[in-house]
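Student: Before we look at any detail, could you take me through this model by setting each value against the definition behind it?
Tutor: Gladly; here it is.

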Amino acid sequence: MGHRDGFEKPGSRAENREEIERAILNAAEEVFAQKGFGGATMQAIADACHLPKANLHYYFSSKETLYRRVVERIFTIWLEAADSFETSATPDVALRRYITRKMQLSREHRYGSKVWANEVMHGAPIIHDYLETSLRRWTETRIAVIRRWSAEGAIHDVDPRWLLYMIWSTTQHYADFAHQIETLNQGPLSDAQWVSATETVCQIILRGIGLNGDGLDGVAPL
C-alpha cells in the first residue's frame with residue numbers, strides 16, 4: 001500500500017501501522033512545537049515524515065485530531081512517570097523516581113513538552129478539557145498522597161500544589177527552554193551533565209521538604 005512508502009518492514013500490519021503512526025507523531029511534535037497549532041500545516045507535517053499528504057490524512061483526518069494525539073501522548077507519558085507515587089514505599093524513593101523520570105522525558109520528548117507549554121500559554125484553546133478533567137483528577141490524587149506523607153511526618157508540612165508546580169516547572173524547563181540552556185552551555189548537555197542536573201534537582205527538592213537528597217540504592221539518576 002502506498003501509505004507505507006519508506007516505512008515498510010517485516011512484521012504484522014498492526015506493527016507497521018504503529019510504526020508509521022509513531023513517525024507521524026514524532027514529526028508532528030516538532031512541527032507543532034516550532035510553528036504552533038495555527039502556524040503548522042498538514043503538508044509540513046507530511047513533508048517532515050516523508051509521506052504524501054493524502055496518506056497522512058489516512059491516519060489522522062484533521063490537524064486538530066493529530067494535534068490532540070500529540071498532546072495526549074505527552075500527557076499520558078507524564079502521568080505514567082508518577083506511578084512511583086503508588087508503587088514506592090517511601091516519599092524519598094517516590095519523588096526521586098518521579099523527578100528523574102520527568103528529567104528523562106524532557107530530554108526524550110522536548111518537542112512534546114513545548115507543544116503542551118505553548119498550548120497552555122495561549123489559554124489551552126484546544127486541550128482545555130484535559131486541564132479540567134484528566135489533569136485535575138490526576139493532580140488531586142497526588143495531592144492526597146503528599147498530604148498523607150505530611151500527616152505521617154515523613155516530610156515537612158508543605159502545600160502539595162506548590163511542590164508539584166515546582167517539580168513540573170523545574171524539570172520541564174529543560175525541554176521548554178532547551179535552546180537557552182544549549183546556548184549557555186555552548187552545545188547540548190552531555191550524558192554526564194544530564195546526570196548532574198538531575199541529581200541537583202533531586203537534592204534541592206528532597207532536602208527542601210526534609211528528605212535525604214542523596215542517591216538511593218536501586219534508584220539510578222538516569
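Tutor: Let us begin with a term: buried means under 20% relative accessible area, exposed over 50%, and partly exposed in between, with a 1.4 Å probe and protein chains only. This is a predicted model, in which local features need pLDDT of at least 70 and side-chain atom pairs count only at pLDDT 80 or more, whereas totals for chains, interfaces and linings use all residues. Residues are numbered from 1 along each chain as its sequence is written, and side-chain values use heavy atoms, with hydrogens and water left out.

Student: Which residues in helix 11 are buried?
Tutor: In helix 11, the residues that fall under that cut-off are Trp 194, Ala 197, Thr 198, Glu 199, Val 201, Cys 202, Ile 205 and Leu 206. What covers them includes helix 6 and helix 9, and for the whole protein chain 45% of the 222 residues count as buried.

Student: What makes a stretch count as a helix, and how many helices does the protein chain have?
Tutor: Helices are DSSP runs of H or I with at least four residues, strands are runs of E with at least two, and both are numbered from the N terminus. By that rule the protein chain comes to 11 helices and zero strands.

Student: How do you know that the reach of helix 11 is close to the expected one?
Tutor: The expected span is 1.5 Å times one less than the number of residues; for helix 11, with 18 residues, that expectation is 26 Å, and the helix reaches 26 Å from its first C-alpha to its last. Helix 6 (residues 91–108) also has 18 residues and reaches 25 Å, close to the expected 26 Å.

Student: What makes helix 6 mostly covered?
Tutor: The count decides it, since 13 of the 18 residues of helix 6 are buried.

Student: Why are helix 9 and helix 11 called roughly antiparallel?
Tutor: Axes are lines fitted to C-alpha atoms, for helices over the stretch in contact, and angles run from 0 to 180 degrees between N-to-C directions. Angles under 35 degrees count as roughly parallel, over 145 as roughly antiparallel, 65 to 115 as roughly perpendicular and the rest as oblique. The axes of helix 9 (residues 160–176) and helix 11 (residues 191–208) cross at roughly 165 degrees and come within 12 Å, and therefore the two helices are roughly antiparallel to each other.

Student: Which residues of helix 9 and helix 11 meet?
Tutor: With contact meaning heavy atoms within 4.5 Å, Leu 163, Met 166, Ile 167, Thr 170 and Tyr 174 in helix 9 meet Trp 194, Ala 197, Val 201 and Ile 205 in helix 11.

Student: How do you know that helix 7 is roughly perpendicular to helix 9?
Tutor: The axes of helix 7 and helix 9 come within 8 Å and cross at roughly 110 degrees, which makes helix 7 roughly perpendicular to helix 9. In that contact Arg 110, Ser 113, Lys 114 and Ala 117 in helix 7 meet Gln 172, Ala 175 and Asp 176 in helix 9.

Student: Why does Ala 124 count as buried, and why does Gln 186 count as exposed?
Tutor: Ala 124 lies in the loop between helix 7 (110–121) and helix 8 (128–151), and counts as buried because its relative accessibility is 2%. Gln 186, found in the loop between helix 10 (178–185) and helix 11, counts as exposed because its relative accessibility is 77%.

Student: What is the phi of Ala 124, and what is that of Gln 186?
Tutor: Most residues other than glycine have a negative phi. Ala 124, however, has a positive phi of about 50 degrees, and Gln 186 has a positive phi of about 60 degrees.
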